[in-house]
Amino acid sequence: MVEISSAEAGRNFSQLREKAESEPVVVLHYNKPSVVIIAASEYERLKRRDKRVLSIEEMPTWLADLVVNGKMDARHDHLDTILAPEGFDESGLTES
């Protein structure tokens, strides 16, 4: 991944744009990453990926069964008392 200063990005935007079509370009502000410039096609690919969500009805049966019937390792049972909201039993899955 290419890194350039924000000053250089302003001076050489056409070169920056060309470079970003083939790989991400990190623009630094005071030597820290500020923004990343990527090709529009890569942006669209990432946006499509963000929207990929499976409802439980769309999951394969084996995966839905794992989610619904999964149990946490007993070594972590103490976390239930820390994380369970009021009004839920100790499993945190059903209202009491």
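**Notebook: contacts, sheet and salt bridges**

Entry 1. I began with Ile56, which, leaving aside its neighbours within four places in sequence, is in contact with Ala64 and Val68. I note at the outset that this is a predicted model. I located Ile56 in the loop between α3 (40-50) and α4. I then looked up the separation of Ile56 from Val68, which lies 12 residues away along the chain: their C-alpha atoms are 9.5 Å apart. Ile56 counts as partly exposed, because its relative accessibility is 40%.

Entry 2. I found Val67 in helix α4, which covers residues 61-69. I recorded Val67 as exposed, since its relative accessibility of 52% is over the 50% cut-off.

Entry 3. I turned to the overall make-up of the chain. I counted five helices and three strands. Read from the N terminus, the elements follow the order β-α-α-β-β-α-α-α. Of the 96 residues in the chain, 10% are buried. I noted an accessible surface of about 8,300 Å² for the chain, with 54% of it belonging to carbon and sulfur atoms. I also looked up contacts between residues at least 6 apart in sequence; of these, 7% join residues at least 24 apart.

Entry 4. I examined the sheet next. Its three strands are arranged in the order β1-β2-β3, and the sheet is open with mixed pairing. Why is one side of β1 and of β3 left without a neighbour in the sheet? Strands β1 (2-5) and β3 (32-37) stand at the edges and each has a single partner strand, so one side of each has no neighbour there. I recorded an average twist of 35° from one strand to the next.

Entry 5. I followed the pairing of β2 with β3. Strand β2 (residues 25-29) runs antiparallel to β3, and five bridges join the two. Within this pair I found Val27 opposite Val35 in β3. I then checked what packs on the sheet: helix α2 (residues 13-20) does so, touching β1, β2 and β3. The direction of α2 makes about 135° with that of β2. In the hairpin of β2 and β3, two residues lie between the strands, and I noted a positive phi near 55° for Tyr30.

- Glu21 and Arg17 meet through their side chains at 2.7 Å, N to O. Glu21 is exposed, at 52% relative accessibility, whereas Arg17 is partly exposed, at 39%.
- Glu23 and Lys19 form a salt bridge at 2.8 Å, N to O. I recorded Glu23 as partly exposed, because its relative accessibility is 23%; Lys19 is also partly exposed, with a relative accessible area of 35%.
- Asp73 and Arg75 are joined by a salt bridge at 3.1 Å, N to O. Asp73 is partly exposed, with a relative accessible area of 37%, and Arg75 is exposed, with 62%.

Conventions: Residues numbered from 1 in each chain as written. Predicted model: local features only at pLDDT ≥ 70, side-chain atom pairs only at ≥ 80, totals over all residues. Heavy atoms only, no water. Helix = DSSP H or I, 4+ residues; strand = E, 2+ residues; numbered from the N terminus. Buried < 20%, exposed > 50% of the residue type's maximum accessible area, 1.4 Å probe, protein only. Pairing = 2+ DSSP bridges. Axes fitted to C-alpha atoms, helices over the stretch in contact; angles between N-to-C directions. Contact = heavy atoms within 4.5 Å. Areas by Shrake-Rupley, 256 points an atom, 1.4 Å probe, with all protein chains shown as cover. Salt bridge = Lys/Arg side-chain N within 4 Å of Asp/Glu carboxyl O.
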